[in-house]
Amino acid sequence: MAYQPRRRGQMTKADLVGKIAEKTGLTKANAERALNAFIEAVEATLVGEGKITLTGFGTFMVDERKARTGRNPRTGAEINIPASKVVKFRPGKLLKDAIQ
């Protein structure tokens, strides 16, 4: 039986683990371990080096967001938004072509 996600257009971590298990023949427990290892490796690389490229899929990178002034949507009062680091993703050519 082919794996079907519970919701259309949205995939949870459990859905992804099921898909990996189906495609690789791993048990769900081993598929979850593999996915967790991948997530930990990406996180460690972004923290340490700031960039990871998966050829054909895309590039994850850490970018600096400058401090800025914003508005509280409820009150309209000005608030200061501090500088922060954000993770950005730029899709690769193969992923872009697959989506088209």
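This is a predicted model: local features need pLDDT of at least 70, side-chain atom pairs count only at pLDDT 80 or more; totals for chains, interfaces and linings use all residues.
A search through the whole structure turns up 2 aromatic pairs. One of them joins F57 to F89, a tilted pair with 5.5 Å from centre to centre and 50° between the planes. F57 sits in the loop between strand 1 and strand 2 while F89 belongs to strand 5, so this pair ties together parts that are 32 residues apart in sequence.

An open sheet is built from 3 strands in the order 1-2-5, and the pairing is antiparallel. Strand 1 and strand 5 (84–91) are the edge strands, each pairing on one side only. On average, neighbouring strands of this sheet are turned by 25° against each other, direction ignored. In general, strands of a sheet pair through backbone hydrogen bonds, in either a parallel or an antiparallel way.

Taking the pairings one by one, strand 1 (residues 51–54) is joined to strand 2 (residues 58–65) by 4 bridges, and the two run antiparallel. Within that pairing, T53 has T59 of strand 2 as its bridge partner. The hairpin of strand 1 and strand 2 has 3 residues between the strands, and G56 takes a positive phi near 90° there. Strand 2 and strand 5 are paired over 8 bridges, again in the antiparallel sense. T59 turns up in this pairing too, standing opposite R90 in strand 5.

What packs on the sheet? Helix 2 (residues 28–48) does, touching strand 1, strand 2 and strand 5, and its direction makes about 135° with that of strand 1. Helix 2 has 21 residues and reaches 30 Å from its first C-alpha to its last, close to the 30 Å expected at 1.5 Å a residue.

Which residues of helix 2 are buried? They are A31, L35, V42 and L46. These four cover an arc of only 40° around the axis, which means they lie on the same side of helix 2. An α-helix has 3.6 residues a turn, so residues three or four places apart point the same way. The cover over the buried residues of helix 2 includes helix 1 (13–24), strand 1, strand 2 and strand 5. The other side of helix 2 looks outward: R33, E40, A44, V47 and G48 are exposed there. After helix 2 comes G50, whose phi is positive, near 90°.

Conventions: Residues are numbered from 1 along each chain as its sequence is written. Side-chain values use heavy atoms; hydrogens and water are left out. Two strands pair if DSSP finds at least two bridges between them. Axes are lines fitted to C-alpha atoms, for helices over the stretch in contact, and angles run from 0 to 180 degrees between N-to-C directions. Contact means heavy atoms within 4.5 Å. The expected span of a helix is 1.5 Å times one less than its number of residues. Buried means under 20% relative accessible area, exposed over 50%, partly exposed in between (1.4 Å probe, protein chains only). The arc is that of the directions from the helix axis to the C-beta atoms. Rings of Phe, Tyr and Trp (its six-membered ring) pair if their centres lie within 6.5 Å; planes under 30 degrees apart count as stacked, over 60 as edge-to-face and the rest as tilted.
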